[in-house]
Amino acid sequence: MKKYNVCIVGGGSTYTLGFLKSFARMQEEFPLNKLVLFDIDEKRQEPIGKFGDILFAEKMPGLDFSYTTDAKEAYQDMDFIFMQMRAGGLEMRAKDEHIPLSMGMIGQETCGAGGMSYGLRSCVEMIKAIHEIRKYSPNAWILNYTNPAAIVAEALRREFPDDQKILNICDQPENVVRSCSRLLGCEWEDLDPVYFGLNHFGWFTHMYNKTTGEDLLPKIKELIKKNGFLPQDAEQRDQSWLDTYGMVQTIMNDFPDYLPNTYDQYYLYPEYKASHLNPDFTRADEVMAGREKRVFKECNEIISEGKLGKKLENISDAHAEMMIKVAEAIAFNKNNRHILIVENNGAIANMQDDAMVEVVCELGINGPRPMRVGNIPQFYLGLLVNQVSCEKLIVDAYYEKSYNKALQAFTLNRLVNDAKKARPLLDALIEANKGMWPELR
Ligand code: NAD
Ligand code: G6P
Ligand code: MN
């Protein structure tokens, strides 16, 4: 059986540890020949690389595993490249969240002004990285989940229009499906969702039982009304995630048609959310105090012990598992269903063709085949047309280096929504992103 060469870009990411463990656990399903971690920050990546040395020596002794900061070494002869970089690091994420909040608007990693701020940084770094990758591996599948995935996907669509092997993915729709399975007491693989939206802004219209075809959405609605909604993923147990999942109940009280993606809360309740987020301790601070410390502590403990011990046994890493299953679906032409970000082209009938939308796709060796959802109702269409316009305008701002387009994107965004607020906020973010954004004129 063919074994695959895989590179992870952003080897020092807090998600890489989960990937390494999941690659070891899933080695039968997705066999690896070579695995390379690449990062621009040698120091950050090193403990994760050393952890990998120990893990694979024990669990996959035949694997050619390495970590590097050399692009050629990393990208040569790859079959799959997983991209999870964070341009500007968690310190810049903190600024994306703190600056808007200090001005009374939501500061969030991927939504609103924070998301657009991160988006411009990611456009710069991702476009550069993919040109470099294509020099060494013109045919590798690039599986991108670098955020903000909506803006990155739009930029990559424009920069690489003929490249059929770039796929943009988010784990949150599947996390919501997993949470539904927790509520229903079934396996998440037993559920067959119908979903539409943009990345981090979508809804489930149906949640079928894969075997019987019964639509379980009415039951899910009842259960959420009675019991609330909780994450299934162990990585989403911090207080802010519990609050976020809790909001699904509120959203469904107000808009009972469909089951929302958790990110919809920011667009539906911008003022409420802004007033309930702590400007002095945002999610970035929570990650730096929590997951980041946990990941590097675990690596360092294992490095100092020189062996794994029992560490591999109790891991539930939904994120890595999903991404590896996506690669597996392509590698083995499985035509499994995944919720992916693709060019619309009629999948949502009453939205523009060139919008990057998130829908269920069948995924195999020739890429994703999106499943149509038809026309969506006016309320949802209105929200999505507004947001897709922001995403397109911020990518216009990147290409045209246009202050005016950025101001339009900020003004149009539901989390800002006012030119008098948009301008000082944009100016503050320009200042904070010096050297990391194109110079807007
Ligand atoms: P992190 O800051 O811990 O790790 C990111 C790593 O990327 C760092 O080690 C950094 O040095 C490296 N990096 C930065 N610029 C780089 C470049 N140009 N080339 C190579 N490496 C570079 O961040 P994290 O919290 O672990 O998240 C990683 C990324 O994954 C983020 O973009 C995050 O938003 C994304 N993510 C996306 C999804 C999704 O649903 N799409 C889910 C989880 C995480
Ligand atoms: C989910 C989303 C990702 C996002 C992540 C943030 O997984 O799908 O796009 O990056 O949450 O999680 P964090 O724990 O870093 O706030
Ligand atoms: Mn996501």
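Reader: How many aromatic pairs does the structure hold?
Author: Happy to start there. This is a predicted model, in which local features need pLDDT of at least 70, side-chain atom pairs count only at pLDDT 80 or more, and totals for chains, interfaces and linings use all residues. Residues are numbered from 1 along each chain as its sequence is written, chains are lettered from A and ligands numbered from 1 in the order in which they are written, and side-chain values use heavy atoms, leaving out hydrogens and water. Rings of Phe, Tyr and Trp (its six-membered ring) pair if their centres lie within 6.5 Å; planes under 30 degrees apart are stacked, over 60 edge-to-face and the rest tilted. The number of aromatic pairs is 27.

Reader: Why is the pair of Phe-23 and Phe-82 edge-to-face?
Author: The ring centres of Phe-23 and Phe-82 lie 5.8 Å apart. Their planes meet at 75°, so the pair is edge-to-face.

Reader: Where in the chain are Phe-23 and Phe-82?
Author: The two lie 59 residues apart, in distant parts of the chain. Helices (H or I, at least four residues) and strands (E, at least two) are DSSP runs, numbered from the N terminus. Phe-23 is in helix α1 and Phe-82 in strand β4.

Reader: Which residues coordinate the manganese ion (ligand 3)?
Author: Donors are N, O and S atoms within 2.8 Å of the metal (3.2 Å for Na, K and Ca), and sites may look incomplete because water is not among the atoms. Here the donors SG and NE2 are at 2.2 to 2.3 Å, and they belong to Cys-170 and His-200.

Reader: Are Cys-170 and His-200 buried or exposed?
Author: Buried means under 20% relative accessible area, exposed over 50%, and partly exposed in between (1.4 Å probe, protein chains only). Cys-170 and His-200 are both buried.
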